[in-house]
Amino acid sequence: MTITVISSDGDSLRQRVELEHFDDLFVDAPAIVGGDESAPDPHDYFDLALGACKAITARMYARRKQWPLSGVTVTVTRNDREERQGRYYLDVALTFDGIDDPGQRQRLLEISDRCPIHRLMTDATVEIRSQLAPDTGASA
């Protein structure tokens, strides 16, 4: 899969995102760094990826176990005060609607910690290789 991020709003920091068959995805920067806050910022997308993955993973597990999970609410709270020192904290609170059994709720919590994004954020080594795109002849 390829994601393309395009700046086209003059001096604005707002970015349009092209992602397969999804339309109207945008990213902006916080006002504190000159953005308009017209869309989620990159940190928001990072954090929401974790919350969404945990919810999806819990629902898939409950479906497979045929547990009566009727909904999941995941609240992700960011503490980025020490980000410049290499520490970024995400506190995650999960609610499992329709599940009354404490053991099942605990198991869903454990399973949610095994979601692919949680593992990617905590266990994986991510290598990023940046390069200039081939010159298309267009001048800036």
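A salt bridge is counted where a side-chain nitrogen of Lys or Arg lies within 4 Å of a carboxyl oxygen of Asp or Glu. In this predicted model, the side chains of Lys-54 and Asp-113 meet this description, with a distance of 2.6 Å from N to O. Because Lys-54 belongs to helix α1 while Asp-113 sits in the loop between α2 (102-112) and α3 (116-122), the pair ties together parts of the chain that are 59 residues apart in sequence. The two partners can also be described by their accessibility: Lys-54 has a relative accessibility of 1% and counts as buried, whereas Asp-113, at 36%, counts as partly exposed.

Salt bridges that share partners join Asp-44, Asp-47 and Arg-78 into one network. Within this group, the closest N and O atoms of Arg-78 and Asp-47 are 2.5 Å apart. Arg-78, with a relative accessibility of 28%, is instead partly exposed.

A further salt bridge is formed by Arg-16 and Glu-18, whose closest N and O atoms are 2.8 Å apart. Here both residues are partly exposed, Arg-16 having a relative accessibility of 33% and Glu-18 a relative accessible area of 35%. In total, the structure holds six salt bridges, among them the pairs described above.

The strands β1, β2 and β3 make up an open sheet in that order, with antiparallel pairing. Strands β1 and β3 (22-27) stand at the edges and have a single partner strand each, so one side of each is left without a neighbour in the sheet. From one strand to the next, the twist averages 30 degrees. The pairing of strand β2 (residues 15-19) with β3 is antiparallel and runs over four bridges, and one of the residues involved is Leu-19, whose bridge partner in β3 is Phe-22.

Methods. Residues are numbered from 1 along each chain as its sequence is written. This is a predicted model: local features need pLDDT of at least 70, side-chain atom pairs count only at pLDDT 80 or more; totals for chains, interfaces and linings use all residues. Side-chain values use heavy atoms; hydrogens and water are left out. Buried means under 20% relative accessible area, exposed over 50%, partly exposed in between (1.4 Å probe, protein chains only). Helices (H or I, at least four residues) and strands (E, at least two) are DSSP runs, numbered from the N terminus. Two strands pair if DSSP finds at least two bridges between them. Axes are lines fitted to C-alpha atoms, for helices over the stretch in contact, and angles run from 0 to 180 degrees between N-to-C directions.
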